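This report sets out selected local features of one protein model. Please consult the sequence and the coordinates alongside the text.

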Amino acid sequence: MAIWFANCFFVFFFLFAPLLVVQQIPCAAAATCNDCFIQSRAAYYPNSDEKGTEVGACGFGTFGAKINGGDVSAASALYRDGVGCGACYQVRCTNPAYCSDNGVTVVITDSGSSHNTDFILSRRAYAKMAQTKDLAATILDQGIVEIEYRRTSCSYPNNNIQFKIDKSSNYPHYLAFVIWYQQGKKDVSAVQLCETGNLTCKLLDRSHGAVWTVVSPPSGPLSIRMLLSDVEDGDETWVVPVNSIPSVWKAGDVYDSGIQV
């Protein structure tokens, strides 16, 4: 007889006179699994460009087309009103006749869906799910394939987290910026802008996608603090960059945080 306990163990009782034997078997399948694959469907951008779009809903601009070598994707539910921007997923199609075991790792840079899909991959990323270049034509011809996916860490060994000052910014009255090279498996759930001289901080608004904004930003050199959150286990960590944004900033500039996560 099997009895279910909250500690996720099947406990089997075997009664032998006069000995009671208790055997415990781990129940991995029933536990919350951050690394488990989820079944879904994927399509690809219909344009002829192999990479992603430069006008994605995340607000990355041209960066959104080339990040991760162009292996990017739009997402539907996983976009999460912009919180999902910059997150990485391992996506692999499921037909063993032409799909590889590893699939492709993509970065979310846009919002969108097509025929009940969770992902609209760049043409480049979509083709990389195939075992070979010849078989890539097979899945490209289908347009939509059954897939499975899971969240994975974003890794950019040659790049620190960066802040791109958005073109809508107007010094010194209005500051908007987007976070580039988000790393790890956590979401950027909140951002503070701090004046480095007296550590006065303001909590910023998420304008859209990955774009954060503030009216009447503090003066002087500025530090951007990011709250990284794991939705699965509830872990949250404030990350403070080594480098500051200079007191005189301007639209279009890119500032290196000096850190990797």
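## Basis of the values

The model is predicted: local features need pLDDT of at least 70 and side-chain atom pairs pLDDT 80 or more, while totals for chains, interfaces and linings use all residues. Residues are numbered from 1 along each chain as its sequence is written, and side-chain values use heavy atoms, without hydrogens and water.

## Glu195

Glu195 belongs to strand S12 (residues 187-195); helices (H or I, at least four residues) and strands (E, at least two) are DSSP runs numbered from the N terminus. Glu195 is buried and has no salt bridge. Buried denotes under 20% relative accessible area, exposed over 50%, and partly exposed in between (1.4 Å probe, protein chains only). A salt bridge requires a side-chain nitrogen of Lys or Arg within 4 Å of a carboxyl oxygen of Asp or Glu.

The nearest side chain of opposite charge is that of Lys202, 10 Å away (Lys and Arg count as positive, Asp and Glu as negative; His and chain ends are not counted). Leaving aside residues up to four places away in sequence, Glu195 touches Thr200, Pro218, Ser219, Pro221 and Leu222, where contact means heavy atoms within 4.5 Å.

## Backbone geometry

Most residues other than glycine have a negative phi, and most peptide bonds are trans. Asn68 has a positive phi of about 60° and sits in the loop between helix H1 (63-66) and strand S5 (72-75). Its relative accessibility of 29% makes Asn68 partly exposed. For Asn116, phi is likewise positive, near 60°; this residue lies in the loop between strand S7 (104-111) and strand S8 (119-121) and is exposed, at 73%.

The peptide bond joining Tyr171 and Pro172 is cis, with omega about -5°. Pro172 is in the loop between strand S10 (162-165) and strand S11 (174-180).

The largest pocket holds about 340 Å³ of space. Its lining comprises 15 residues, with Asn34, Tyr89, Arg151, Val231 and Glu232 closest to the centre. On a 1 Å grid over the protein atoms alone, a pocket is an open set of points where a 1.4 Å probe fits, with protein on both sides within 12 Å along at least five of seven lines; lining residues have an atom within 4 Å of a point. Strand S9 (residues 145-152) contributes the most to this lining, with three residues.

The second largest pocket holds about 240 Å³. Among its 14 lining residues, Gly59, Phe60, Gly61, Asp166 and Lys167 lie nearest the centre.

Key: Grid points are joined across faces, edges and corners, and a volume is the space filled by probe spheres set on the points.
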